[in-house]
Protein chains: 2
Amino acid sequence: MKYIEKLRNSGLRPTKQRLQICEVLFNTDKTFHFTINELEQKIKKQANNKMSLATVYNTVHAFEKKGYLKQIPINSSETYFDTNVTDHHHFYDLKEEKLIDLENSDVGPINILKKINGKKIKSVEVLVKLED
Amino acid sequence: MKYIEKLRNSGLRPTKQRLQICEVLFNTDKTFHFTINELEQKIKKQANNKMSLATVYNTVHAFEKKGYLKQIPINSSETYFDTNVTDHHHFYDLKEEKLIDLENSDVGPINILKKINGKKIKSVEVLVKLED
DNA sequence: CACTTTTTTAGAATCATTATAAACTACGAA
DNA sequence: TTCGTAGTTTATAATGATTCTAAAAAAGTG
């Protein structure tokens, strides 16, 4: 199973619960955005059982740390994650409170001219807020 | 007093507490980043009295709504605000957990090629994460 | 000075997230 | 296979930022 590798890479043993989480996160070609609570709902529906929130949090954070998920920087009461871990950006529709992917190719090249001493750039993320 | 106008514009009467908040936020040429708790500490020190957190939250949110303050989109347990309301961007030093301004002129022009039907771009914000 | 409306305040309520500790499970060694 | 240890799950409690509340205080109005 391809998920086992992801889990092991993230320092996690492949357990039933974690494989269920993988199933929801990675069994589709389409990437998507989610909050922990939305993920928990999906799991409940898809696997037809409930799972402790702590398990969901732990697993998601391990994946995020390893780069299998990304946190999306946005001001919201809940943290948003993205299964699309390629270098890309986001629209945020303020009215609908929905995120929309914005591919790198849809943004001109971004050149950061200012350098900070002793620091390396880890990522450059663009958030485009939308209104009507 | 110049603060009275800002308050009135934000739909707030000029009270002693609100003027104290303005004093801390706007009496300097230098702009800065802050969380509600940092702001409360500054107020306590500068005005030598304590103020209800609720008052600080209310006032900051009113200013933010009116555009006298900006929220900085970042994943942190506390919300960060910026007294610099010009169009600009941020570095985020992951190790120090510190924000650094990144002026528009230090970023090449950003051209959003993708359009979303019926939506207007309200803002374009870049977050550059820094590591050692 | 009355009177009404807004504001401040301390504390309670809420809600996302993290911590805890007991029961359970994976997995390697014997 | 069985056992033992270390890792995992779970329900629940704890935490911490933010919001709500209701009573006291202050501001605005005539």
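Tutor: A residue is near a strand if its C-beta atom, placed from the backbone, lies within 6 Å of it. The model is predicted. By that cut-off of 6 Å, 21 residues lie around DNA strand C.

Student: Which residues come nearest to DNA strand C?

Tutor: Thr79(A), Arg13(B), Thr15(B), Ser52(B) and Ala54(B). Both chains are in that list.

Student: Which residues are closest to DNA strand D?

Tutor: Arg13(A), Thr15(A), Ala54(A), Ala54(B) and Thr79(B), out of 21 that surround DNA strand D. Two or more residues come from each of α2 (16-26) and α4 of chain A and α4 of chain B. By class, the surface near DNA strand D divides into 7 nonpolar, 9 polar and 5 charged residues.

Student: How do you know that chain A and chain B are in contact, and how many residues take part?

Tutor: Contact means C-beta atoms within 7 Å. With that cut-off, 35 residues of chain A are in contact with 35 residues of chain B. On the side of chain A that touches chain B, β4 (88-93), β5 (98-103) and β6 (120-131) each supply at least two residues. The largest share, 12 residues, comes from β6(A). By class, that side of chain A has 18 nonpolar, 7 polar and 10 charged residues.

Student: Why are β6(A) and strand β6 of chain B called a pair?

Tutor: Pairing needs at least two bridges between the strands. β6(A) and strand β6 (residues 120-131) of chain B have 11 bridges, in the antiparallel sense. The two strands therefore pair by the definition. As an example, Lys120(A) has Glu131(B) as its bridge partner in β6(B).

Student: Why is the relation of chain A to chain B that of a two-fold axis?

Tutor: A rotation of 180 degrees, with 0.0 Å of shift along its axis, superposes chain A on chain B at RMSD 0.1 Å. That is the relation of a two-fold axis. In chain A, the C-alpha of Val126(A) is nearest the axis, 2.2 Å from it. The same surface serves both copies, with 100% of the contact residues of chain A recurring in chain B.

Student: What elements make up chain A?

Tutor: Chain A has 4 helices and 6 strands. From the N terminus on, they run α-α-β-α-α-β-β-β-β-β. The C-alpha trace of chain A spans about 50 × 40 × 25 Å along its principal axes. Of its 132 residues, 23% count as buried.

Student: What makes residues of α2(A) count as buried, and which are they?

Tutor: Buried means 20 or more other C-beta atoms within 10 Å. In α2(A), Arg18(A), Gln20(A), Ile21(A), Cys22(A), Val24(A) and Leu25(A) are buried. So by the definition each has at least 20 such neighbours. These buried residues pack against α1 (2-9), α3 (36-47) and α4 of chain A.

Student: Why is His33(A) called partly exposed?

Tutor: His33(A) has 18 other C-beta atoms within 10 Å. Buried needs 20 or more, and exposed needs 12 or fewer. The count of 18 lies in between, so His33(A) is partly exposed. His33(A) is in strand β1 (residues 33-35) of chain A. Leaving aside neighbours within four places in sequence, His33(A) is in contact with Ile72(A), Tyr80(A), Asp82(A) and Leu99(A).

Student: Why do β1 and β2 of chain B stand at the edges?

Tutor: The open sheet has 3 strands in the order β1-β3-β2 (chain B), with antiparallel pairing. β1 (33-35) and β2 (70-72) of chain B each have a single partner strand, so one side of each is left without a neighbour in the sheet. Neighbouring strands of this sheet are turned by 40 degrees against each other on average, direction ignored.

Student: How do you know that β1(B) pairs with strand β3 of chain B?

Tutor: The rule asks for at least two bridges. Here 3 bridges join β1(B) to strand β3 (residues 80-82) of chain B, and the two run antiparallel. So the two strands pair. Thr35(B) stands opposite Tyr80(B) in β3(B).

Terms used:
Residues numbered from 1 in each chain as written. Chains lettered and ligands numbered in written order. Predicted model: local features only at pLDDT ≥ 70, side-chain atom pairs only at ≥ 80, totals over all residues. Contact = placed C-beta atoms within 7 Å. Nonpolar A, V, L, I, M, F, W, Y, C, P; charged D, E, K, R; others polar. Least-squares fit on C-alpha atoms with pLDDT ≥ 70 in both. Axes fitted to C-alpha atoms, helices over the stretch in contact; angles between N-to-C directions.
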